Amino acid sequence: IQDRPVLGGNNSSEARVWLNGETGYQPYPRVGDLVAELDQARRGHPGTADMYEDEKKIALVLSEPNLSLFLNCRANEVEMDADRIVAVIAQNTADGRRLRFPGRWFADCTGDGCIGFLAGADYEMTVPDHMGQCNLWIVTDTGTPVSFPRLPWAIDLWGKPFPTALGDLGKWFWESGFPHDPIEKGEYIRDTNFRAAYGAWDALKNEHSLYPNHKLAWMAHISGKRESRRLLGDVILTEEDLLNSVTFPDGCVPASWTIDVHFPDTRYVQGFEDNPFLATTTFGAYPRPYWVPYRCLYSRNVPNLFMAGRDISVTHRALGTVAGGQVSLGIPI
């Protein structure tokens, strides 16, 4: 059940977060094979829509006889029997139909922990000072001069510092939302990203007279989120577990990304303290790979609820390795 017309979440043509992370480790070298079937090239820039192979993802799902795919269906209600989920209700975002999905087991892969929240699952959320969200963007050289209008509604970056190099435009560090509730103010955060990008391009074109032949070619209308609700399991993975190589007997998913925790870049905060939109990060090292325990992948108080992606049972700091950076082949977002 997917609330968008494409699959892949952040790793789709809508958000364009590229694949990263490593798999193939002993003792479970086959973990990651499902994602490896996509055989996508790993790249370090949003790139073009075709690189994300939306149609290939959908075709792979449709080819599985035991799977039924429901696109454009937003799950927004649950039915409970005591502490167990009986059914999930989803609304078709195209025609408004409400569909009921009864089941025995449920997996919350929403990122925001929506199903778990509705079911009363224990959770934590770091607000403020959580990692923000991005709307990546691309500029291209047209070969001929291209003008750009002044935008009074954009963030005014005339006379203010921001990354101006061509290779820095639209990258992961154009990120906002750190002080705000990522759910209640999700649209506000997205609009801040829009206003920052357009304000930067306004200043570059009209104040600095840079990149006269370039145009804004694409901007993600869907935010790539990093941190929201974290549903709690029987184990809450911590940064100390990673640093100290704490071994859990039920380790089942390899984490190989650094402890990549984002926060506002102090070089660009002045004047925007209440709503910063440029980030930096620390890349914390730990002995890799680290095997995330199975007990991080199910709810500790809703017996038939599992989770995957950035809503699993970890702390804010530990999230930096399982979902703080790019899309991991170990735990696909």
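Biologist: How many aromatic pairs does a search of the whole structure find?
Modeller: The model is predicted, and side-chain atom pairs count only at pLDDT 80 or more. A pair of aromatic rings is described by the distance of the centres and the angle of the planes. Searching the whole structure gives a count of 12 aromatic pairs.

Biologist: Is the pair of Tyr-28 and Trp-291 stacked, tilted or edge-to-face?
Modeller: The ring centres of Tyr-28 and Trp-291 are 5.5 Å apart, with 75 degrees between the planes. Planes over 60 degrees apart count as edge-to-face. The pair of Tyr-28 and Trp-291 is therefore edge-to-face.

Biologist: How many residues apart in sequence are the parts that this pair ties together?
Modeller: Tyr-28 lies in the loop between strand 1 (19-20) and helix 1 (33-36). Trp-291 belongs to strand 16 (residues 290-293), so the pair ties together parts whose separation in sequence is 263 residues.

Biologist: Over the ring of which residue does the charged end of Lys-185 sit?
Modeller: A charge sits over a ring if, among other conditions, NZ of Lys is within 6 Å of the ring centre. The charged end of Lys-185 is 4.2 Å from the centre of a ring, and that ring belongs to Tyr-188.

Biologist: What separates the C-alpha atoms of Phe-101 and Val-88?
Modeller: Phe-101 lies in strand 4 (residues 98-102) and is buried, with a relative accessible area of 14%. Not counting residues up to four places away in sequence, Phe-101 touches several residues, including Ile-1, Phe-70 and Val-88. Phe-101 and Val-88 are 13 residues apart along the chain, and their C-alpha atoms are separated by 5.2 Å.

Biologist: What arc around the axis do the buried residues Asp-54, Lys-57 and Ile-58 cover?
Modeller: Asp-54, Lys-57 and Ile-58 are buried in helix 2 (residues 54-62). They are on the same side of helix 2, because around its axis they cover an arc of only 95 degrees.

Biologist: How many residues are in the largest nonpolar core?
Modeller: Ile-85, Leu-237, Val-292, Leu-305 and Val-322 touch the most other members of this core. Elements that each supply at least two of its residues include strand 13 (251-255), strand 16 and helix 6 (316-322). Apart from it lies another core, of 23 residues, among them Leu-157 and Trp-201. The number of residues in the largest nonpolar core is 36.

Biologist: Which residue in strand 16 is the bridge partner of Gly-251?
Modeller: Strand 13 is mostly covered, with 4 of its 5 residues buried. Strand 13 pairs with strand 16 in the antiparallel sense over 4 bridges. In strand 16, the partner of Gly-251 is Pro-293.

Note on methods
Residues are numbered from 1 along each chain as its sequence is written. This is a predicted model: local features need pLDDT of at least 70, side-chain atom pairs count only at pLDDT 80 or more; totals for chains, interfaces and linings use all residues. Side-chain values use heavy atoms; hydrogens and water are left out. Rings of Phe, Tyr and Trp (its six-membered ring) pair if their centres lie within 6.5 Å; planes under 30 degrees apart count as stacked, over 60 as edge-to-face and the rest as tilted. A charge sits over a ring if NZ of Lys or CZ of Arg is within 6 Å of the ring centre and within 35 degrees of the ring normal. Buried means under 20% relative accessible area, exposed over 50%, partly exposed in between (1.4 Å probe, protein chains only). Contact means heavy atoms within 4.5 Å. The arc is that of the directions from the helix axis to the C-beta atoms. A nonpolar core is a set of buried Ala, Val, Leu, Ile, Met, Phe, Trp, Tyr and Cys residues joined through side-chain atoms within 4.5 Å. Two strands pair if DSSP finds at least two bridges between them.
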